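Here is a short briefing for a first look. Start with the sequence and the structure, then read the points below.

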Amino acid sequence: MEHKNNHIVGYGTYIFVWLTLVTLTALTVTVASFDLGGFSIVVALIIASVKALLVMLIFMHLKFDDKIFRIFVAVAFLTLMIFIVLTFSDYSFIR
Amino acid sequence: MNQIAETLASEHIHRDEVGAKIGMWLFLFTELILFGGMFLAYAVYRFSYRDYFALASKELDVFIGLINTLILLTSSLTMAMSITALRRGNKKLSLIFLSSTIIFALLFLVNKYFEWSAKFNHGLFPGSNDLLSLPRGEIIYFGLYYVMTGLHAVHVIIGMIILLFMLFYIKSNKVNQDYYIMLENSGLYWHLVDIIWIFLFPLFYLIH
């Protein structure tokens with residue numbers, strides 16, 4: 001059973017991803033200093049999601065592992081999204 | 001030599017590394033739901049107490065939060081590079097990277113200690129009179145802040161202990177170039193801790 005993933009990610013790729021993550025962190029801090037009203041939380045969450053995605057795809061090897069892992073993670077996040085959407089679809093109307 | 005070891009291993013021990021990794025991811029999903037529930041509570045309360053959250057978050061030091069973000073991102077980098085080094089057969093470099101990861105984890109906790117002691121000195125700790133005299137929205141903000149960053153800090157401590165074990169396992173060759181799934185799974189845990197902080201930082205420190 002040769003399921004073992006033999007792809008070794010090089011140091012260069014990791015350092016590049018790290019630099020991107022640091023840049024995105026600087027970006028999120030800079031954006032937060034402007035008052036965008038209700039929009040600032042959206043921007044903060046988008047940047048955080050991109051960072052999380054980068055960590056998962058490269059640092060956590062999802063990009064290089066079996067497809068089954070990507071499906072797993074998608075299902076897990078979908079579950080969480082269902083919690084969030086259902087909660088807010090309910091909560092937004094309670095007043 | 002490695003080949004002999006591999007043959008022996010495949011004859012005597014059945015290893016399912018994909019299975020081990022799936023198990024780890026399943027565990028990480030329970031963590032996702034654990035923190036996810038808290039993020040959901042945060043979202044609902046932030047929705048109802050927007051202005052109070054903005055006011056209370058001014059008590060937090062963005063600089064300390066930023067430094068801790070950079071520390072964790074860098075620790076994730078050294079963690080990933082430690083696995084690459086081991087798989088390329090460079091045990092010494094792998095140990096150096098892994099030790100750096102542990103030192104970064106320690107630095108994160110030291111920062112957290114100073115951050116929390118500053119809050120405590122200002123009388124802002126769970127259940128304190130100063131905190132309870134604040135408006136309800138701010139009490140909830142600090143409640144969420146202490147529980148979520150506190151639980152995250154517990155994860156950092158656990159991660160540190162796991163990585164210390166890995167350090168000894170690599171030293172004694174229990175984890176090596178051909179058998180590194182334990183190090184990979186520890187890495188997955190460590191990156192999860194990083195991901196959670198990636199969300200905690202903007203949600204608690206960077207509010208207007």
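Is B:His191 buried or exposed? B:His191 is buried, at a relative accessible area of 1%; buried means under 20% relative accessible area, exposed over 50%, and partly exposed in between, with a 1.4 Å probe and protein chains only. This is a predicted model, in which local features need pLDDT of at least 70 and side-chain atom pairs count only at pLDDT 80 or more, while totals for chains, interfaces and linings use all residues. Residues are numbered from 1 along each chain as its sequence is written, chains are lettered from A and ligands numbered from 1 in the order in which they are written, and side-chain values use heavy atoms, with hydrogens and water left out.

**B:His191 and its helix**

- B:His191 lies in helix 8 of chain B. Helices (H or I, at least four residues) and strands (E, at least two) are DSSP runs, numbered from the N terminus.
- B:His191 touches residues of both chains, including A:Val55, A:Phe59, A:Met60 and B:Met79, leaving aside residues up to four places away in sequence. Contact means heavy atoms within 4.5 Å.
- Helix 8 covers residues 181–205 of chain B. Of its 25 residues, 23 are buried.
- The expected span is 1.5 Å times one less than the number of residues.

**Chain B as a whole**

- Chain B has eight helices and zero strands.
- Its C-alpha trace spans about 70 × 30 × 25 Å along the principal axes.
- Of its 208 residues, 53% count as buried.
- Take the contacts in chain B between residues at least 6 apart in sequence: 82% of them join residues at least 24 apart.

**Where chains A and B meet**

- On chain A, 51 residues are in contact with 49 residues of chain B.
- The two chains bury about 4400 Å² between them, with 77% of it on carbon and sulfur atoms. Buried area is the accessible area (1.4 Å probe) that two parts lose on being put together, summed over both.
- A:Tyr11, A:Met60 and A:Phe69 supply 16% of the area that chain A buries against chain B, more than any other three residues.
- The rule finds one salt bridge across this interface. A:Asp65 forms a salt bridge with B:Lys21, the closest N and O atoms being 2.7 Å apart. The rule asks for a side-chain nitrogen of Lys or Arg within 4 Å of a carboxyl oxygen of Asp or Glu.
- Helix 3 of chain A gives the largest share of the side of chain A that touches chain B, 11 residues.
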